[in-house]
Structure formats: C-alpha cells, structure tokens
Amino acid sequence: MAGITDTIFRRIIRKMGAGLVYSEMVSCMALHYDSKKTFEMLEFHPEELPLALQIFGADPVLMADAAKVAESRGVSIIDINLGCSVPKVAKSGSGAILCRNLPLLASVMESVVKAVTIPVTIKIRIGWTKQEVSAFEVCRMAKECGIAAIALHGRTSSQAYSGTADWDFIKEVRQSTDLPFIGNGDVKTPESAVSLLDSTGCDGIMIGRESYFNPWFFRDLLKYSEKTANSQSVENPENEVYNRAAEVKELILHQLEENVARYGEYSGVQKMRKFAAWYTRGLRGSARFREHVNNEETLAGMKSVIDEYFGYCGGVG
Ligand SMILES: Cc1cc2nc3c(=O)[nH]c(=O)nc-3n(C[C@H](O)[C@H](O)[C@H](O)COP(=O)(O)O)c2cc1C
C-alpha cells in the first residue's frame, strides 16, 4: 500500500503473523529514470520474506526491466498493480486502466513473466465500472500468460473505496479460474476473514486498511483460527485481557525509532504521526493525543508526548 507498507511496517506486520507482505507500488518508469527514492523502495530486511514487490507501468519492456531489478535484489514475488486508478497512475495508462486495453495488458504480463524466474502475480479489481467488468477475461488471460496467482479487490475502479466489497462477485471470479486466488476487501475482524475464505473458496485473503488501523489483527486472526481448529470455545479476541495500551505504546516507540533511523528525524517523525493516530484509536483521550502528536517535529518531543499520554491512559484498553 502506497505510503504505508515500507520496509519498517512490513517487518512489523510479518512479526504479527502475516504470511506474505507486499511493497508499496513501485513505478517502472521511475526505476528506468534512476529515481533514488524509488530505488530505496526496493530495500527490504530478510525478516520480511516472503515479500511481493509490486510494480506498475504500461510499457512491457520497462515493466520487464523493473521486474528483473527487483528479482536481483532477492524479493520472492513480482506483483503487477492492475487495481490503482488514482489520476496520476491512470494518466500513464497503468494500474486499473490497463485492464481496459487487454492486448497491451497481455503483452505486459507476458513480458514480465518471461523476464524473471520468480512467480509473477496480479492485483485486480472487478472492472472499470459495473457495466464494464473485466475480471473474468483478465483472469483467463493471466493463466495464458503464465501468471502464478491473482488477488481481487471486490470493487470496481469507479467505486474507489465507496460501498462494500462484493464477496459474491469474488466467489464467481474465483470459480472461473484454477489459479491460486486471493480475496480482498472489507476484512476487519478474524470472523470476517474466515467468512471471506469460507464463502468464496479463495485460497488466501489480503488485508489492506485493517493492517494499519490494527497491526495486531494478524495475531488475533491466528489465535482465532487455532481455537476454531481445536474446536475450543471462541472468545472474541478483543475481549481478552491484555494490556492493550502497553503494547500500543511499545509499537509506536519502536516504529518511531526505526523511522527516524531510516528517514532522518524530520521525515521519520512526520511519517509516524498517522500511524500513532491509527494505533491509538479507541483508547481513552486519543483525540487529544493525536492533536499533540501532529504538532511535534522532534524525536524528543514526540517521545515526551507519548510518555505523557500513556502515563495518563495507563492500562485502559
Ligand atoms: C492508503 C492505501 C494505499 C493503497 N495502496 C495500494 C497499492 O499501492 N497497491 C495496491 O495494490 N493496492 C493498494 N491499496 C488498496 C488495498 O490493497 C486494498 O485493495 C483495499 O484497501 C481494499 O482492502 P481493505 O478493505 O482490506 O482495505 C491501497 C489502499 C489504501 C487505503
């Protein structure tokens, strides 16, 4: 996820129990023009593996080059972004809009698959609009082009994030292909994760927003599925007694230190603001904490706001 899944966050999520993490989307054009910032997006820590490096672009040659560079760095999977429709990406003919040009899409997929030895996967949406559904055809072509797995977000591009993800549609597309299939959209609880798997026949699920609202989601899901597998009585993990505030504080401090080490004090602190706000959602007094955090520009200042807040918030979870 752009702006979210940098190497620091991916490592956190893997430690929480996610089976596979994806990079932010990386522009093949920016790699071609040697953008330093984009090359930094290829960096990862071995503890993240397996890691899918997501690329976007509409030029088969540049996409193949980007995939080769990523493979040489040691990533596990190349994922092609066919789901993003923000204007900057759409204008370049990349992302979701590439599914409106099937001959070019086929040539991009073929070219990337041929360029590397590691698996190449795609991430798609239902189609451009409900009237312009492309998922079935894209899945059929993906199989022909040698794509190894497909992830489907159950919304159209024109929906962006509005409405709800259509799990019935995910099931239909899943049934239309024998490629490994990952369902995505609106999973927010362990129960809904299992329900998406069970109701669609998907082989895996992909978690977007909940991963940064609640990185503990993965741990809770694993606990939940262990309990259901052992047919023990399942309590809602949210009701389990653990010191939520203490672990939130620990994670915020850890990610803050890592951010400052990687991006420098100013950017590291800036980048931490949104995560600190997300992780403290629902904790007592978190609205005021957010205000204070958003005014801090130094590591020392941020740490003192964190200490003060968690001293007050205590063990309330
Ligand atoms: C801030 C943000 C950034 C995202 N960036 C990407 C991206 O770079 N590549 C991608 O395939 N999907 C991206 N997505 C879409 C998510 O992967 C996912 O498909 C979508 O959020 C629906 O899943 P969810 O309901 O679990 O959040 C992004 C979503 C958000 C909210």
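**Questions on a predicted protein chain**

Me: How many helices and strands does the protein chain have, and what radius of gyration does the globule rule give for 317 residues?
Reply: The protein chain has 15 helices and 10 strands. Its radius of gyration is 20 Å, which is close to the value from the globule rule, so the chain is as compact as a globular protein of that length. For 317 residues, the globule rule gives 20 Å.

Me: What percentage of the residues of the protein chain count as buried?
Reply: The C-alpha trace of the protein chain spans about 60 × 50 × 35 Å along its principal axes. A residue is called buried if 20 or more other C-beta atoms lie within 10 Å of its own. Of the 317 residues, the part that counts as buried is 39%.

Me: How far apart are the C-alpha centres of domain 1 and domain 2?
Reply: The chain is divided into domain 1, which covers residues 7-238, and domain 2, which covers residues 244-313. Contact between them involves 5 residues of domain 1 and 8 residues of domain 2. The distance between their C-alpha centres is 29 Å.

Me: Which helices each supply at least two residues of the side of domain 1 that touches domain 2?
Reply: With 5 residues of domain 1 in contact with 8 residues of domain 2, we can look at the side that domain 1 presents. By class, that side has 5 nonpolar, no polar and no charged residues. The helices that each supply at least two of its residues are helix 1 (7-16) and helix 10 (209-213).

Me: What is the distance between the end C-alpha atoms of helix 4?
Reply: Helix 4 runs over residues 60-73, which makes 14 residues. At 1.5 Å a residue it should span 20 Å, and the model agrees with this, because the end C-alpha atoms lie apart by 20 Å.

Me: Against which strands and helices do the buried residues of helix 4 pack?
Reply: The buried residues of helix 4 are Pro-60, Leu-62, Met-63, Ala-64, Ala-66, Ala-67, Val-69 and Ala-70. Just after the helix, Gly-74 takes a positive phi of about 105°. The elements that the buried residues pack against are strand 2 (26-27), helix 2 (28-32), strand 3 (51-56), strand 4 (77-82) and helix 6 (102-115).

Me: Which residues come nearest to the ligand?
Reply: The shell around the ligand divides into 7 nonpolar, 8 polar and 5 charged residues. Of these 20 residues, the ones that come nearest are Met-1, Met-25, His-153, Gly-208 and Arg-209.

Me: What is the omega of the cis peptide bond between Leu-49 and Pro-50?
Reply: Most residues other than glycine have a negative phi, and most peptide bonds are trans. Pro-50 lies in the loop between helix 3 (36-40) and strand 3. The bond that joins Leu-49 and Pro-50 is cis, with an omega of about 0°.

Me: What is the phi of Ala-160?
Reply: Ala-160 is found in the loop between strand 8 (149-153) and helix 8 (167-176). With 11 C-beta neighbours inside 10 Å, Ala-160 counts as exposed. Although Ala-160 is not a glycine, its phi is positive, at about 55°.

Me: How far apart in space are Leu-253 and Ser-94, C-alpha to C-alpha?
Reply: Leu-253 is found in helix 12 (residues 244-263). It counts as partly exposed because it has 17 C-beta neighbours inside 10 Å. Leu-253 and Ser-94 are 159 residues apart in sequence, and in space, C-alpha to C-alpha, they are apart by 37 Å.

Me: What distance separates the C-alpha atoms of Glu-43 and Ser-23?
Reply: Glu-43 lies in the loop between helix 3 and strand 3, and it is exposed, with 11 other C-beta atoms within 10 Å. Glu-43 and Ser-23 are 20 residues apart along the chain, and their C-alpha atoms are separated by 9.6 Å.

Definitions and conventions:
Residues are numbered from 1 along each chain as its sequence is written. This is a predicted model: local features need pLDDT of at least 70, side-chain atom pairs count only at pLDDT 80 or more; totals for chains, interfaces and linings use all residues. Helices (H or I, at least four residues) and strands (E, at least two) are DSSP runs, numbered from the N terminus. The radius of gyration is taken over C-alpha atoms; the globule rule is 2.2 Å times the number of residues to the power 0.38. A residue is buried if 20 or more other C-beta atoms lie within 10 Å of its own, exposed if 12 or fewer, and partly exposed in between; C-beta atoms are placed from the backbone. A residue is near a molecule or strand if its C-beta atom, placed from the backbone, lies within 6 Å of it. Ala, Val, Leu, Ile, Met, Phe, Trp, Tyr, Cys and Pro count as nonpolar, Asp, Glu, Lys and Arg as charged, and the others, Gly among them, as polar. The expected span of a helix is 1.5 Å times one less than its number of residues. Two residues are in contact if their C-beta atoms, placed from the backbone, lie within 7 Å. Domain bounds come from an automatic or database domain assignment.
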